[in-house]
Amino acid sequence: MAAGSGVAAEACVGQVVLPGDVLLLPAHPDEDAERLQLGAGAAPRGRLLCGPGLRRGTAGLLVTKCGLLRHRQAGGSAAGGAYWVDSQQKRYVPVKGDHVIGVVTAKAGDVFKLDVGGSEQASLSYLAFEGATKRNRPNVQVGDLIYGQFLVANKDMEPEMVCIDSNGKSSGMGIIGQDGFLFKVSLGLIRKLLAPKCEIIQELSQLYPFELVLGMNGRIWVKAKTVQQTLIIVNILEACEYMTAEQRKQALAKLSGN
């Protein structure tokens, strides 16, 4: 596809798109259906959502990442749905609402600085923990692993993280234990592991009992009963990105037989 040329978005679904490509949206009689609403939730009937790798332009959708164009219809309706680019990348770009794993690098007054794998460090207030007050501060040290979500994430401001939800509850977020193993994988594998009813996670849970924390920034923390079991799970998770389902099942069958 030539850069700058307009091609119907439906015709490019499942195909490779490049930065600079322009995707034309289908024309609908309802003006409300032509508006593009940004967001990650379910699309209202007749509305289009613009996902990662795409940006709204005057002529249509402008592709900003190289990858496969995907489309999800809204409620069985041909009109509306969501378009996004499924790409393989290792550099993480903070997105508001994403749950990530950060490493505390410094304490600056009442704020902690965290390395989240982006272009700049994120900030985390000591009050952004469940039950935290000026007298009851969380015991956070440099080098600790923090699992939280982005409250602020845009190109003009420093990313800001919190470890509480809208109700003030931790909901599983906070300081991750000292034990365990932290490693990094591609963002595409993270999205696959976070999919509902992921077969990889289900098959691994039948092999060994373990704890697992997945960050949208490509970081995974895993802990099993022994160091050997932990390393086995780490190796399987790293290799499953390049293995077929049959190859993965054969590898797990060999491990379960030992």
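I started with pairing: two strands pair if DSSP finds at least two bridges between them. My strands (E, at least two residues) and helices (H or I, at least four residues) are DSSP runs, numbered from the N terminus. This is a predicted model, so local features need pLDDT of at least 70 and side-chain atom pairs count only at pLDDT 80 or more, while totals for chains, interfaces and linings use all residues. Residues are numbered from 1 along each chain as its sequence is written, and side-chain values use heavy atoms, with hydrogens and water left out.

**Entry 1: strand 10 and its partners**

I looked up strand 11 (residues 111–115) and found that it pairs with strand 10 in the antiparallel sense over five bridges. Phe 112 in strand 11 is the bridge partner of Lys 107. Two residues sit between the strands of this hairpin, and there I noted Gly 109 with a positive phi near 70 degrees. Strand 10 (residues 99–108) also pairs with strand 13 (residues 145–154), antiparallel over five bridges. In that pairing, I found His 99 opposite Gln 149 of strand 13.

Next I traced an open sheet of three strands, with the order 16-18-17 and antiparallel pairing. Strand 16 and strand 17 each have a single partner strand and stand at the edges, so one side of each has no neighbour in the sheet. On average, neighbouring strands here are turned by 20 degrees against each other, direction ignored. For the angles, axes are lines fitted to C-alpha atoms (for helices over the stretch in contact), and values run from 0 to 180 degrees between N-to-C directions. Strand 17 and strand 18 share five bridges in the antiparallel sense, and Leu 214 stands opposite Ile 220 in strand 18.

**Entry 2: helix 4 on that sheet**

Helix 4 packs on the sheet and touches strand 16, strand 17 and strand 18; its direction makes about 145 degrees with that of strand 18. Contact here means heavy atoms within 4.5 Å.

I checked the length of helix 4 (residues 227–239) too: its 13 residues should span 18 Å at 1.5 Å a residue, and the end C-alpha atoms are 18 Å apart, which agrees. The expected span is 1.5 Å times one less than the number of residues.

Which residues of helix 4 are buried? I listed Gln 229, Thr 230, Ile 232, Ile 233, Val 234, Ile 236 and Leu 237. Buried means under 20% relative accessible area, exposed over 50%, partly exposed in between (1.4 Å probe, protein chains only). The elements they pack against include helix 2 (187–193), helix 3 (199–207) and helix 5 (245–257).

**Entry 3: Thr 230**

Thr 230 of helix 4 counts as buried because its relative accessibility is 8%. Apart from neighbours within four places in sequence, I found Thr 230 in contact with Phe 181, Val 222, Lys 223 and Ala 224.
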